[in-house]
Amino acid sequence: MCLATAGVIVSVAEGDGGDPLWRSAEVDFGGVRQRVSLACLPTASVGDAVLVHVGLALALVDTAGGLP
């Protein structure tokens, strides 16, 4: 079993030479901010909600009902 936590992207840093595998983001988890990899989500941008597991954003979250 793994645990992923939902957070919102507040800033994005492009990778070296524009390589999408090195993109990272600062993600806000209800007041706690952490730098995470966007290697699995090349289209993620500021304001997107993402699920994060061990420093890797795995999926975009639909926030129509709000974050859990």
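Reader: Which residues does Val-27 touch, not counting residues up to four places away in sequence?

Author: This is a predicted model, in which local features need pLDDT of at least 70 and side-chain atom pairs count only at pLDDT 80 or more, while totals for chains, interfaces and linings use all residues. Residues are numbered from 1 along each chain as its sequence is written, and side-chain values use heavy atoms, with hydrogens and water left out. With contact taken as heavy atoms within 4.5 Å, Val-27 touches Gly-7, Val-8, Ile-9, Val-32, Arg-33, Gln-34, Val-36 and Val-50.

Reader: How many salt bridges does a search of the whole structure find?

Author: A salt bridge requires a side-chain nitrogen of Lys or Arg within 4 Å of a carboxyl oxygen of Asp or Glu. Arg-23 meets this with Glu-14, their closest N and O atoms being 3.4 Å apart, and the side chains of Glu-26 and Arg-33 meet it at 3.7 Å, N to O. The number that the search of the whole structure finds is two.

Reader: Is Arg-23 buried or exposed?

Author: Relative accessible area decides this, with buried meaning under 20%, exposed over 50% and partly exposed in between, for a 1.4 Å probe and protein chains only. Glu-14, the salt-bridge partner of Arg-23, is exposed at 55%, and Glu-26 is partly exposed at 24%. Because the relative accessible area of Arg-23 is 8%, Arg-23 is buried.
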